[in-house]
Amino acid sequence: MSVATQDTAIRTGRVTRTLIYVVLILFALFYLLPLYVMLVNSVKPLEEITGGGMMSLPDAFTIEPWKQAWASAQIGVEPTGLKPYFWNSIKMVVPAVTISTVLGALNGYVLTKWRFKGDTILFGLMLFACFIPFQIVLIPMARMLGLMGLAGSTYGLSFVHIVFGIGFTTLYFRNYYAVFPTELIRAAQIDGAGFFQIFWRILLPSSGPIAVVSVIWQFTNIWNDFLFGASFADASSQPMTVALNNLVQSSTGVKEYNVHFAGAILAAMPTLFVYIVAGRYFVRGLMAGSVKG
Amino acid sequence: MRVFTKTKGAIVGALLASTSMAQAADVEVLHWWTSGGEAAALNVLKQDLEGQSVGWQDMPVAGGGGEQAMTVLRARVTAGNPPTAVQALGFDILDWADQGALANLNDVAAKEGWDAVVPDALKAFAKADGKWVSAPVNVHSTNWVWANKAVLDANGIAQPTSWDEFVSAVEALKAAGVTPIAHGGQAWQDATVFDAVAMGALGPDGYKAAFIDLDSATLGSDAMKTAFDRMAFIRDNVDDNFSGRDWNLATAMVINGEAGFQMMGDWAKGEFLNAGKVPGEDFLCFRFPGTAEQVTFNADQFMMFDQGGEVSSEQAALASAILSPSFQSAFNVVKGSVPARTDVSDADFDACGKQGMKDLAAAASSGNLFGSMAHGHAAPASVKNAVYDVVTAHFNGEYDSETAVQELVDAVEIAQ
Amino acid sequence: MAQSANADLKTRLQNWIPKLVLSPSLAVILVFVYGFILFSVYLSFTDSRILPSYGWVGWENYSKLWRLSHWEISLTNMGIFALLYITLCTAIGLGLAIFLDQKIRGEGMLRPLYLYPMALSFIVTGTAWKWFLDPGIGLENVMHTWGWESFKFDWIKNRDYAIYTVVLAAVWQTSGFVMAMFLAGLRGIDNEILKAAQMDGASNWNLYRRIIIPQLRPAFLSAFVILSHLAIKTFDLVIALTGGGPGRATELPATFMYSYTFTRNQMGIGSASATIMLMAIAAIMVPYLYSELREKR
């Protein structure tokens with residue numbers, strides 16, 4: 001926290017300060033609203049919800065919906081709850097985030113410290129790739145995964161997320177390394193240090209903040225992805241979001257809203273956790289790199 | 001087009017041959033029945049198969065009445081890794097059969113005598129080029145009205161049997177300060193209501209000409225304008241807050257006595273039963289006024305994907321288990337629909353279920369059983385969605401009835 | 001002699017390593033992004049319906065596409081949505097960042113509150129928003145029970161206003177993230193300059209207008225890239241919140257493309273719309289990337 005709250009030269013009067021606090025708190029309430037709706041309804045019996053009063057506090061408090069969503073709600077033919085899918089997601093997210101971040105770091109390093117003719121064009125190509133709408137790659141991607149023998153597996157899913165994450169991680173690291181003093185690299189080169197030695201000894205130790213940004217970004221995007229997870233997984237590798245979708249979306253069945261909300265919050269736990277724990281480093285990471293030229 | 005389809009079929013076939021033998025004794029089933037009752041009902045099938053030592057790999061993908069599952073299926077087939085069996089509706093089955101991707105179940109069908117017990121209207125979707133390619137699970141019908149009996153009784157309303165009676169019933173409810181019609185404004189729900197309304201306004205021959213044969217004269221006829229006018233009347237008698245509402249919340253309005261009627265398929269029954277209501281005592285189920293003879297249906301089936309040229313024993317076991325009378329009865333009692341074969345005993349069904357089975361048998365024998373437009377059993381997906389566009393735009397006040405008729409003719413033409 | 005040849009080889013190897021390191025990422029992007037884009041463009045000229053098929057039909061899909069009123073609606077919506085979404089997120093993000101930068105007590109608590117929406121997917125929050133915006137059960141109803149009978153907030157049910165509710169939910173999700181980017185930018189500004197300006201009697205307003213905000217240029221640009229890419233990809237939100245309704249009033253190009261490709265089995269038309277979308281993205285992003293990257297040299 002201490003790093004983020006830097007001293008500022010701006011001085012403000014008492015009235016202005018009060019006003020600022022009011023605005024900040026109002027916005028905090030605005031941001032909290034949907035979470036309130038979800039939390040409140042996840043601890044109500046179903047009759048209370050369908051009987052109206054979806055915004056009010058529960059009359060009868062119950063944690064049964066949470067238990068059901070985690071361990072006994074009907075996801076497919078079996079009442080497994082979200083539990084087994086949690087691990088599928090972890091198995092997909094961890095390698096995907098790690099590999100895409102490492103690749104982004106290496107790419108950023110090359111693109112800033114080992115420049116060659118045409119490198120900006122290559123970077124431009126990578127950056128533009130961030131803008132491709134995922135719906136159009138679905139069918140050709142499925143075909144390629146089939147050809148590579150990765151269809152319907154966690155590896156295939158991780159691979160897809162790595163491919164479409166590289167653009168962003170490269171952007172973050174490139175901007176971060178761009179302001180890193182090049183003289184240090186030159187000096188090390190003269191001392192005979194090689195490509196990887198320089199990366200390992202000089203750049204990596206100071207890459208913490210931007211790595212946090214990259215990890216947070218990738219982790220949330222991959223964890224929350226539904227389209228790829230649904231299309232490229234098979235019965236044994238479906239991630240959490242697909243299970244949540246199965247829990248929440250049923251076209252011709254009874255909807256248990258309280259269980260849905262509990263499940264939704266459960267599915268969001270890891271990302272919320274990452275944001276809250278790493279959030280303090282987040283601004284620092286952004287500050288150190290990605291918003292600077 | 002035909003030529004390309006054939007080569008494509010060959011490619012898909014080759015892919016299937018190379019990759020589908022991975023799990024020898026399992027069936028992988030892609031479906032979208034994920035909510036409590038449905039999934040529990042499907043579990044009966046799973047246990048049945050496990051009794052025959054066939055493993056069940058569950059691959060549920062819910063969303064949009066199967067739309068999401070169909071997207072996933074396309075990715076799976078393109079990847080050369082299709083599931084053994086896939087829940088599917090109407091024209092999707094024929095489209096996949098066209099791609100040459102489905103198995104030939106004729107041996108199983110002959111052994112189990114499916115031809116004799118499955119209604120012809122259903123066979124039109126379960127068989128392609130004379131081959132059985134999928135196993136029907138149930139028949140839903142969409143031209144039902146659900147009513148709160150206490151609300152009707154309190155206002156002295158008898159069960160309406162014609163459009164005019166329905167109009168006066170609705171007006172009586174309105175005068176009494178009750179929301180006459182509970183409705184959820186989503187395209188498919190608008191279209192579900194339109195199914196029944198159009199059947200009433202056009203009559204069975206007109207319905208067939210317009211939505212199954214896609215005859216543009218009928219699509220642009222005065223009777224069609226009447227149908228849209230009636231939709232406008234219904235629009236005037238739903239509450240202000242209908243837009244975007246889930247169908248089951250609309251059903252809850254009828255259950256709680258906030259509204260009198262809801263037009264919805266037979267899956268709505270589950271909501272009433274779940275709320276502890278008794279058919280005939282607490283709520284009424286009857287055919288949409290003016291369509292008492294007809295049944296517009298949609299049927300869930302499991303289409304079987306080709307497993308490299310022959311039907312594996314697991315796949316055959318799955319297919320015959322789906323059509324076994326005991327599963328058909330057990331599943332449909334829970335689901336609210338009626339069995340896909342006409343020789344199943346109605347002993348376990350409630351009053352609405354019994355009536356549904358009787359109606360289906362009668363409609364099937366008198367030629368009054370038609371595919372539901374709204375649920376993809378009258379025309380292919382592109383046309384279905386084009387009709388959705390017009391119906392929902394009209395229902396939301398974008399078009400008047402006359403424009404809607406013209407737009408309907410246009411939209412159906414572009415979509416073909 | 002041998003030693004120098006060896007050293008020569010080593011330098012040459014050293015020169016190749018960076019390119020070797022970069023090449024897997026590049027290869028993957030060329031195939032899986034640009035290859036797929038070409039494939040999709042090709043499909044837009046074919047009679048593909050349920051699966052890709054290779055019968056050439058020329059411009060037919062494009063002419064059908066422009067006959068669909070539905071497509072025009074989605075383009076108009078994209079214009080409204082992108083403009084409002086990007087402007088509002090930037091304004092709110094900047095405003096909150098400036099306020100938070102005033103040595104606020106409890107900043108450590110407020111910041112995660114502003115940021116957390118970014119962590120949630122709309123599969124999760126869609127229903128909550130839908131209920132909140134629904135006049136029968138949400139805000140309007142709450143105001144009525146509190147006694148404000150004339151209060152009206154039924155945008156989500158109104159086909160002329162529903163798109164603004166989509167904007168509202170989207171702004172809710174990302175404005176906090178934009179705030180973090182601006183906050184980082186503000187914290188990076190050298191205080192000495194500000195102190196000097198204050199000595200000269202500059203007011204706070206002028207300080208921000210003349211000195212601070214101009215220095216945030218890189219943050220503005222990053223925010224623009226992130227926001228415009230999110231705007232173009234907006235899909236889950238519409239599906240969860242309005243399903244494209246009432247009627248077809250909140251369709252966006254992404255939902256249009258998805259529905260034609262996958263639910264209507266008209267892959268040719270879907271690909272045509274994807275091609276137009278990509279061209280529009282390129283028309284905006286290429287000049288921007290060009291100027292940005294050239295400047296940095």
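Q: Does L214(B) count as buried, partly exposed or exposed, and what is the reason?
A: In this predicted model, L214(B) is found in the loop between α10 (187-212) and α11 (216-219) of chain B, where its phi is positive at about 55° although the residue is not a glycine. A residue is buried with 20 or more other C-beta atoms within 10 Å and exposed with 12 or fewer. Because L214(B) has 19 C-beta neighbours inside 10 Å, its class is partly exposed.

Q: Which class of exposure does D129(B) have, and why?
A: D129(B) lies in the loop between β4 (127-128) and β5 (131-132) of chain B, and its phi, near 50°, is a positive value in a residue other than glycine. Since D129(B) has 9 C-beta neighbours inside 10 Å, it counts as exposed.

Q: How do the residues of the side of chain C that touches chain B divide into nonpolar, polar and charged?
A: In this contact, 27 residues of chain C meet 26 residues of chain B. On the side of chain C that touches chain B, α2 (60-67) and α12 (253-263) each supply at least two residues. The residues of that side of chain C divide into seven nonpolar, eleven polar and nine charged.

Q: What percentage of the residues in chain A is buried?
A: The secondary structure of chain A consists of 14 helices and zero strands, and its C-alpha trace spans about 75 × 65 × 30 Å along the principal axes. Among contacts in chain A between residues at least 6 apart in sequence, 76% join residues at least 24 apart. Of the 293 residues in chain A, the buried share is 55%.

Note on methods. Residues numbered from 1 in each chain as written. Chains lettered and ligands numbered in written order. Predicted model: local features only at pLDDT ≥ 70, side-chain atom pairs only at ≥ 80, totals over all residues. Contact = placed C-beta atoms within 7 Å. Helix = DSSP H or I, 4+ residues; strand = E, 2+ residues; numbered from the N terminus. Nonpolar A, V, L, I, M, F, W, Y, C, P; charged D, E, K, R; others polar.
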